[in-house]
Amino acid sequence: MSQLPPPWPSTPGWHRDPEDPAMIRWWDGYQWTANRQPTPPPSAPFPQRKKSSVAKPLLIIGGSIFAFLLVVGSCAALIGSSGSDSSSASSSTATDGSATIFAPDPSAAAAASRSAAAAREQRDREFQRLTNKASYRAVTSRDWQLVAKNPGAHKGALYVIYGRVVQADAATGTFQIRVNTDGQQVDVYDFDINTVVTSGLASFKEVVEDDLVTLWVSVTGSETYDTTMGGSVTAPKVEANIVEVYGNAG
């Protein structure tokens, strides 16, 4: 399946959406997510106020006075510091003698660097776990029915399931589909657990209605949605990290 190109640089954040230049889209460091929003308009420049001919001489005079006071203050600071103990390596006196500027703490910078490295390592480990098929548990039809009956109790659990796609259109977009699922690869018309499937690390761009799919999913809970008949349905909701099409029932 084709994948959207990553932004450059490929750091987590808002980047221009490769599918819609009028939108910006969140890149989490590994893939494009479903989070979009309109590209913010450029900030309008502030109008330049015309300087009066009277203000210019005043600015020149004021600047001269300020420069004189700055020189006097610097000399006084140098004279005062000559008779005192030398300042520590972590601080210095500003040119006007009025403030102390502290240098960055090397230990704090090192701690921040270690924390960032640990966070990156954790994200890499999670990515490897979610893209490894061996991380997902195979279940029987009955086991999957029990999960679907109470998905909230199984949040975060990883399963490999099978299903027939019943909705993959403009209404669901490329980041969500609806699938009749089962824990086993049963007959086409025996897939009977209505399941809302969102894209995690997987892409649904090449998935269409009536496709027979194998899904490696993480359980996220349940979702209630309105039907075309005016009612509502609550279905288990999962996030697909790997998807493979193995046939079509159409």
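Q: What share of the contacts in the protein chain with a separation of 6 or more is due to residues 24 or more positions apart?
A: Such residues account for 52% of these contacts, where a contact means heavy atoms within 4.5 Å. The model is a predicted one: local features need pLDDT of at least 70, side-chain atom pairs count only at pLDDT 80 or more, and totals for chains, interfaces and linings use all residues. Residues are numbered from 1 along each chain as its sequence is written, and side-chain values use heavy atoms, with hydrogens and water left out.

Q: How many helices and strands are there in the protein chain?
A: The protein chain has 3 helices and 11 strands. Along the sequence, they follow the pattern β-β-β-α-β-β-α-β-α-β-β-β-β-β.

Q: Why is Ala157 called partly exposed?
A: Its relative accessible area is 22%. Buried means under 20%, exposed over 50%, and partly exposed in between, with a 1.4 Å probe and protein chains only; Ala157 is therefore partly exposed. This residue lies in the loop between α3 and β7.

Q: What does Ala157 touch, not counting residues up to four places away in sequence?
A: Ala157 touches Val217, Ser218 and Val219. Ala157 and Ser218 are 61 residues apart in sequence, yet 5.5 Å apart in space, C-alpha to C-alpha.

Q: Which residues of helix α3 are buried?
A: In α3 (residues 141–149), the buried residues are Trp144, Val147 and Ala148.

Q: How do you know that the buried residues of α3 line one face of the helix?
A: Seen down the axis of α3, they fall within an arc of 95°, so they line one face. The arc is that of the directions from the helix axis to the C-beta atoms. An α-helix has 3.6 residues a turn, so residues three or four places apart point the same way. The face of α3 turned away from the buried side carries the exposed residues Arg142 and Lys149. Cover for the buried residues includes β7 (158–167), β8 (176–182), β9 (193–199), β10 (211–226) and β11 (232–248).

Q: What makes β2 and β3 a pair of strands?
A: Strand β2 (residues 20–27) and strand β3 (residues 32–38) share 4 bridges in the antiparallel sense. Two strands pair if DSSP finds at least two bridges between them, so β2 and β3 pair. Trp27 stands opposite Trp32 in β3. The two strands form a hairpin with 4 residues between them, and Gly29 in the turn has a positive phi of about 105°.
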